[in-house]
Amino acid sequence: MRIARRVTRAILAALALPAILLTLWWVLTADSESYYLPPLSEILAAVDDVWLHSDRLSADVLPSVLRLFGGFLLAVVIGVALGVAIGSSRRLRAFCEPVLEFLRAIPPPVLVPVLMLVAGIGDTMKVLVIVSGCVWPILLNTVEGVRAVDEVLVETARCYGVRGPSRLWNLVIRSASPQIVAGLRQGLSIGIILMVISEMFAASNGLGFSIIQFQRTFAVTEMWTGILLLGLLGFLLATLMRLFERRALNWYFGLRQAQRGGSR
Amino acid sequence: MTSTLTAPARASRAGAASRAARGTTLLGVLGFATFLALLEVVPRSGLVSPDYLPPLSRIGVALAELAGEAGFWTAIVDTVQGWFLGLAIAVAAGIAAGFVIGTIPVLREFTASTIEFLRPIPSVALIPLAVLVFGSELRSVLLLVIYAAFWQVLLQVLYGVQDVDPVAQETARTFGLHRWARIRHVTWPTALPYVLTGVRLAAAVALILAITAELIIGAPGLGNEIGVAQSGGAVARMYALVIVTGLLGVAVNVLARRLERWLLSWHSSLRREVA
């Protein structure tokens, strides 16, 4: 009985406020004459026409998401590889640190016009923009993680003759993985921003392009559906990231719990 | 350990440490010099076309020209203004909301799902709305900056408020401290390091969003100048402006860290570093 009540309460807690907010939005805009704020009912009705019964899902949303994944994966490979190299060597770290500190501080969106010069306005430019923004949090977090590898583990690995790829994967990357994953999370949210901006600045397709196109043609209801879709995409990707984090770092959460003397 | 060392041995150890520190600085300077040299040599050698990446010397000339223009300094002021106003509002709102939600368990329980849903929504999704409602002025920039920076602060404040030591809380209660006194003397000092982490993260994000808004919406500022330079084909000028935004970013990071050190000089994490 008590468990049932606790579950009911949890569900109520999760759904109550969103339900209230949506109802408020629905009711308050129901007779809205405002040009900027069409009734929520109209927006939801338009979703079907604008996104589901047209080729926009495959022509705009899919290319956006593919570019995001491509750029993100490339940034992960580059960031982790460079991060492990720089983090493992004290001298290399001292050599690179000021430059990295500067490059990281450049707001990534200003690279959109720069990379447009080099790569035009095609997919290459957009993937490069995403890579050049995502790579910094991943790289810097990997450096920090690799730097902080437990000395005792390093010595132990040496005693047991663990070296080469096995040492890299089982010792270095494994120890640094909590920081690496934190970097991935930051990188992904920057990646989404850059995906949208690169399309808003110059593009012929994509989610960001469609939204800005709706705005320019004053199709306000359609624009709202785009904003909602983009918000949903951000939420979905963050949820995926959290699932990945929980799987990849399961050992780490367990370890921390054990160190605190609690049981799982 | 240290007490058994003779004075000369101790001195030599200190000497080694300062030598190592000097070596690090030297390597850093060397690294930066290499970076600058590459920026000069790579375009000159034709590895990358100078049309795409002008040699550093030409960017330097463009930078010097910029420094002589009044419009450039107004652009910097515009950008910093949007950044600072947005950040200040987001920090104030984030701290207030964080303390209210964090100290009242029921509120915390009932807002968790909404916060988790709203937080990952990319603030750039609001760009078209900002353009329609506010046009290309400061208010558009502020809307984006505040939305992006607010969540960074709110989340850290919530973590911080949750981190309060229950024993300290009970002790304060036993000594008869009232709700406000408890917030002031127990919750606030515990949460302050988290608040400042939030401010540091928010400061960086706010700068990104301020410049993004200028670049995409065309609100006055450095981002807009970059867009204008790019569409006008003034490549060296564009790179000079990008460098300026980088310097601004470095300044924001340094300032945020200084603030943290200054306000947390009493905190054990910093005291240990000094000792």
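When I give an angle between two helices today, the axes are lines fitted to C-alpha atoms over the stretch in contact, and the angle runs from 0 to 180 degrees between N-to-C directions. Keep that in mind for the first pair. In chain B, the axes of helix α2, residues 56–67, and α10(B) come within 8 Å and cross at roughly 75 degrees. Since 65 to 115 degrees counts as roughly perpendicular, that makes α2(B) roughly perpendicular to α10(B). Which residues make the contact? From α2(B) you have Arg58(B), Ile59(B), Ala62(B), Leu63(B) and Leu66(B), and they meet Ala236(B), Arg237(B), Tyr239(B), Ala240(B) and Ile243(B) of α10(B).

Before I go on, please remember that this is a predicted model.

OK, the overall picture, starting with chain B. How many helices and strands are there? Eleven helices and zero strands. Reading from the N terminus, the elements of chain B go α-α-α-α-α-α-α-α-α-α-α. The radius of gyration of chain B is 24 Å, well over the 19 Å that the globule rule gives for 275 residues, so this chain is more spread out than a compact globule. If you like dimensions, the C-alpha trace of chain B spans about 75 × 70 × 30 Å along its principal axes. Buried residues make up 37% of the 275 residues in chain B. And if you take the contacts in chain B with a separation of 6 or more, 71% of them are between residues 24 or more positions apart.

Now chain A. Here, too, you'll find eleven helices and zero strands, and from the N terminus the elements of chain A run α-α-α-α-α-α-α-α-α-α-α. The C-alpha trace of chain A spans about 75 × 65 × 30 Å along its principal axes. Of its 264 residues, 38% count as buried. For contacts in chain A with a separation of 6 or more, residues 24 or more positions apart account for 73%.

Let's go inside. The largest nonpolar core has 130 residues, and those with the most contacts inside it are Leu144(B), Val145(B), Ala149(B) and Ala206(B). Where does the largest share of this core come from? From helix α8 of chain B, residues 179–217, with 18 residues. Take Val145(B) as an example. Leaving out residues up to four places away in sequence, Val145(B) touches Gly82(B), Trp83(B), Gly86(B), Leu87(B), Ala90(B), Ala206(B), Leu209(B) and Ala210(B).

Helix α6 of chain B, residues 138–162, packs with α8(B) at an angle of about 160 degrees, and the axes are 7 Å apart. Anything over 145 degrees counts as roughly antiparallel, so that is how α6(B) and α8(B) lie to each other.

How do the two chains meet? The contact takes 43 residues from chain B and 46 residues from chain A. On the chain B side, α1 (7–45), α4 (105–118), α5 (127–134), α8, α9 (222–231) and α10 (235–263) each supply at least two residues. The largest share of that side, eight residues, comes from α10(B). That's the helix we began with, the one packing against α2(B).

Last, a few spots on the outside. Is α7 of chain B, residues 166–174, buried or in the open? Of its nine residues, the number buried is zero, so α7(B) lies largely in the open. After α7(B) comes Gly176(B), with a positive phi near 80 degrees.

Over in chain A, have a look at Phe218(A), in the loop between α9 (207–216) and α10 (220–248). Phi of Phe218(A) is near 60 degrees, a positive value in a residue other than glycine. Why does Phe218(A) count as exposed? Because Phe218(A) has 10 C-beta neighbours inside 10 Å, and the cut-off for exposed is 12 or fewer.

Ala81(A), in helix α3 of chain A, residues 56–88, has 12 such neighbours inside 10 Å and so counts as exposed as well. The C-alpha atoms of Ala81(A) and Ala105(A), 24 residues apart along the chain, are separated by 21 Å.

That's my tour, thanks.

Conventions
Residues are numbered from 1 along each chain as its sequence is written. Chains are lettered from A and ligands numbered from 1 in the order in which they are written. This is a predicted model: local features need pLDDT of at least 70, side-chain atom pairs count only at pLDDT 80 or more; totals for chains, interfaces and linings use all residues. A nonpolar core is a set of buried Ala, Val, Leu, Ile, Met, Phe, Trp, Tyr and Cys residues joined through C-beta atoms within 7 Å. A residue is buried if 20 or more other C-beta atoms lie within 10 Å of its own, exposed if 12 or fewer, and partly exposed in between; C-beta atoms are placed from the backbone. Helices (H or I, at least four residues) and strands (E, at least two) are DSSP runs, numbered from the N terminus. Two residues are in contact if their C-beta atoms, placed from the backbone, lie within 7 Å. The radius of gyration is taken over C-alpha atoms; the globule rule is 2.2 Å times the number of residues to the power 0.38. Angles under 35 degrees count as roughly parallel, over 145 as roughly antiparallel, 65 to 115 as roughly perpendicular and the rest as oblique.
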